[in-house]
Amino acid sequence: MLALEAMGLVKTFRVKRKPEGLMGSFRSLLKPEWGEKTAVAGIDLRVEAGETLAFLGPNGAGKSTTIKMLTGILHPTSGHARVLGMVPWRERAALAFRIGAVFGQKSQLWYHLPPADTFELLGRMYELGREDYRRRRDELVERFDLGPHMQTPVRKLSLGERMRCEIAAAFLHRPEMLFLDEPTIGLDVVVKRRIRELIAERNREEGTTVFLTSHDPSDIEQLCRRAVVIHHGAVIFDAPVERLKREVLTYKTVRLKLRDGERLPETLPDGVKAAEAGPSAWRLSVDTAAASIEEVLAAFVGRCAIEDMTVEDPPMEDVIRTIYEGGSRLRPTEEGTAS
């Protein structure tokens, strides 16, 4: 069952253009000139219920604008979309009862009040029964370890404590779909890991569909099974996360542990670069466009005594950097439909 479907979604903004200098400022007051900026340029997207999807792209690619249209905050210039069977910008109030949203740089918590008061307000906004609200609140407080913070004004909470409260609040009304825009921005490694675990747990136990934008490679690698990359407002790649690694970077890392005193052959296969990683340990960078992993391994087996060997995909951090530096060179895929 589809949780989200977008067809030809376009959003343009009217932008005022001002000539340089003081006289240009006066002219723009008397006779302003306007232009158009395209933020989203015809996005087609399908997301299955219960899926975890990473929505990627460099700054200015149109990620946040797309989320605002899909949550009903913005009306598109053209195109169609349905989220949980509803048109977001026409049925925004009804949709709000079935989705949750967390924006890393914007808070839904009342700054001067403790989280307990915001939870109470949200419970009434979402028309939860009193017993149901208390049961759900207590469950989230326990799972997110919020007990010590519920009576502390939000302004006195650390960023990590506040984000845990934000995400718990978004889950309060049991949303069928959760939109997360940079949920771990500015957090330390330990807090990021805990937040990822909690989101994955809600997806696993409650079947919540997760739509995530992030610049953090670990968010994508540990939370999402599918990645959609947009560039200049259009989808350029749509495939499983593992395939994203293979398509973007054509190298793999092979780690070899040789018997003491052993060394690599002097002549290496084409496309292979070797670096010593410790006593009798080597790290090989293999360009899979020049040589397959099977060919490389065959070149070493029998020629040197291998005690241990691992083959690794490129780290997600390298994948994301490559996308942002040259995203327009990524080729679209025909297999990038929701799976």
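Hi everyone. Let me start with a term: a residue is buried when its relative accessible area is under 20%, with a 1.4 Å probe and protein chains only. With that in hand, take Thr118 in this predicted model: its relative accessible area is 2%, so Thr118 is buried. You'll find Thr118 in helix 4, residues 115-125. If we set aside neighbours within four places in sequence, Thr118 is in contact with Gln108, Leu109 and Trp110.

Now for the rings. Searching the whole structure turns up 4 aromatic pairs. One of them joins Phe97 and Tyr126, edge-to-face, at 5.9 Å centre to centre with 85 degrees between the planes. Phe97 sits in the loop between helix 3 (92-96) and strand 5 (99-103), and Tyr126 in the loop between helix 4 and helix 5 (130-143), so this pair ties together parts 29 residues apart in sequence. Phe97 is partly exposed at 34%, while Tyr126, at 18% relative accessibility, counts as buried.

Phe144 and Phe171 form a tilted pair, 6.4 Å centre to centre and 50 degrees between the planes. Here the loop between helix 5 and helix 6 (159-170) holds Phe144, and the loop between helix 6 and strand 6 (177-181) holds Phe171, so parts 27 residues apart in sequence are tied together. Phe144 is buried at 1%, and Phe171 is buried at 0%.

Ring pairs also link Phe55, Phe179 and Phe211 into a cluster.

Last, charges over rings: the charged end of Lys11 sits over Phe13, 5.3 Å from the ring centre, and Arg14 lies over the face of Trp34 at 4.1 Å. Thanks, everyone!

Key. Residues numbered from 1 in each chain as written. Predicted model: local features only at pLDDT ≥ 70, side-chain atom pairs only at ≥ 80, totals over all residues. Heavy atoms only, no water. Helix = DSSP H or I, 4+ residues; strand = E, 2+ residues; numbered from the N terminus. Buried < 20%, exposed > 50% of the residue type's maximum accessible area, 1.4 Å probe, protein only. Contact = heavy atoms within 4.5 Å. Phe/Tyr/Trp six-rings, centres within 6.5 Å; stacked < 30°, edge-to-face > 60°. Lys NZ or Arg CZ within 6 Å of the ring centre and 35° of its normal.
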